[in-house]
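Reader: Hi, I'm new to this one. Could you walk me through it?

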Amino acid sequence: MDILRLVLSKTRSCVQNEEMIKPHDKIAVGLSGGKDSVSLLYTLKKLSGFYPIPFEVCAVSVDNGFANGSFAKMEDFCNELGVEYKTVKTDIFSIIKNADDPCAVCAKMRRRILCDTATELGCQSIALAHTEDDAAQTALMNILFCGLAETFLPVTEYENIRIIRPFFTLPERYTEQLTKTLSLPVCKSLCPFDKKTHRQTVKEMIERSDRINRGTNHRILHAIQNKNNE
């Protein structure tokens with residue numbers, strides 16, 4: 001099975017099992033320009049062509065105000081896909097750069113902007129490109145730093161909009177393969193905190209474990225699910 005068919009198959013299964021899409025939904029994909037969000041937009045657009053429940057896809061990028069930042073490549077990508085696209089310029093970076101936990105503050109602000117923009121565009125859902133790796137990392141971060149055995153859910157209700165994560169069961173390595181195989185446009189992260197966070201530390205811990213015994217991400221999530229089902 002080629003990589004596109006594999007990603008489509010796993011995404012469709014996740015969407016169906018979690019009942020993520022309702023008839024005639026308009027879904028705003030949070031498009032950061034990274035490999036995961038680019039892959040998600042491409043996959044959902046392809047899925048909309050044959051999924052039994054009709055739905056529409058658009059894309060929203062939040063410009064954090066980093067120096068030399070540009071979403072021109074994403075605008076061209078959306079035009080090629082025939083997807084409605086909106087960029088929201090902000091001064092988030094100037095607000096978070098001196099924060100004690102800039103990543104948490106940034107995520108909260110971006111989510112608020114995404115929700116407001118998606119609502120303005122008439123969307124019922126926001127699709128975020130969190131993968132199985134992200135879910136496992138979040139779970140381990142919560143255990144190590146908060147003492148909580150939990151992670152984000154595939155579907156959550158946030159005020160008046162639904163947040164869905166169609167890549168919840170998809171390993172991150174698949175999005176890397178997809179973008180390389182199809183030569184999808186990817187923007188390099190301009191965030192000065194990139195790879196200098198607790199998440200990066202936990203990611204490296206999981207990668208070391210995985211080299212010894214493959215499947216660490218899956219086992220972490222399985223443990224969380226078992227705990228929640230007790």
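Reader: Which residues of helix α7 are buried?

Author: In α7, residues 172-182, the buried ones are E172, Y174, T175, L178 and T179. Seen down the axis of α7, these buried residues fall within an arc of 155 degrees, so they line one face of the helix. The arc is that of the directions from the helix axis to the C-beta atoms. Buried means under 20% relative accessible area, exposed over 50%, and partly exposed in between (1.4 Å probe, protein chains only). Helices (H or I, at least four residues) and strands (E, at least two) are DSSP runs, numbered from the N terminus.

Reader: Where do these numbers come from?

Author: This is a predicted model, where local features need pLDDT of at least 70 and side-chain atom pairs count only at pLDDT 80 or more, while totals for chains, interfaces and linings use all residues. Residues are numbered from 1 along each chain as its sequence is written, and side-chain values use heavy atoms, with hydrogens and water left out.

Reader: Back to α7. Which residues are exposed on the other side?

Author: K180 and T181.

Reader: And what do the buried residues of α7 pack against?

Author: Four helices: α1 (3-17), α2 (35-47), α6 (132-146) and α8 (198-212). Contact here means heavy atoms within 4.5 Å.

Reader: What follows α7?

Author: S183 does, and its phi is positive, near 55 degrees. S183 is a residue other than glycine. S183 lies in the loop between α7 and α8.

Reader: Is S183 buried or exposed?

Author: S183 counts as exposed, at 62% relative accessibility.

Reader: On to α8. Which residues are buried there?

Author: Q200, V202, I206 and D210. They cover an arc of only 160 degrees around the axis, which puts them on the same side of α8. The face turned away from that buried side carries the exposed residues R211 and I212.

Reader: What covers the buried residues of α8?

Author: The cover includes α6 and α9 (216-228).

Reader: How far apart are the end C-alpha atoms of α8?

Author: They are 22 Å apart. At 1.5 Å a residue, the 15 residues of α8 should span 21 Å, so the two values agree. The expected span is 1.5 Å times one less than the number of residues.

Reader: Let's zoom out. How many helices and strands are in the protein chain?

Author: There are 9 helices and 6 strands. The radius of gyration is 17 Å, close to the 17 Å that the globule rule gives for 230 residues, so the protein chain is as compact as a globular protein of that length. That radius is taken over C-alpha atoms, and the globule rule is 2.2 Å times the number of residues to the power 0.38.

Reader: What does the C-alpha trace span along its principal axes?

Author: About 45 × 45 × 35 Å. Of the 230 residues, 46% count as buried.

Reader: How about contacts along the sequence?

Author: Take the contacts between residues at least 6 apart in sequence: 78% of them join residues at least 24 apart.

Reader: Now the strands. How do β5 and β6 pair?

Author: Strand β5 (residues 155-158) and strand β6 (residues 161-164) pair in the antiparallel sense, over 4 bridges. Pairing requires that DSSP finds at least two bridges between two strands. T156 has I163 in β6 as its bridge partner. The two strands form a hairpin with 2 residues between them, and E159 in the turn has a positive phi of about 55 degrees.

Reader: Where is H24?

Author: H24 is in the loop between α1 and β1 (25-30). Its phi is positive too, near 65 degrees. H24 counts as exposed, at 64% relative accessibility.

Reader: What about G33? Buried or exposed?

Author: G33 is buried, with a relative accessible area of 0%. It lies in the loop between β1 and α2.

Reader: Which residues does G33 touch?

Author: Not counting residues up to four places away in sequence, G33 touches V38, M74, P185, V186 and C187. G33 and C187 are 154 residues apart along the chain, yet their C-alpha atoms are separated by 4.9 Å.

Reader: Last one. Where is S9 found?

Author: S9 is in helix α1. It is partly exposed, with a relative accessible area of 37%.
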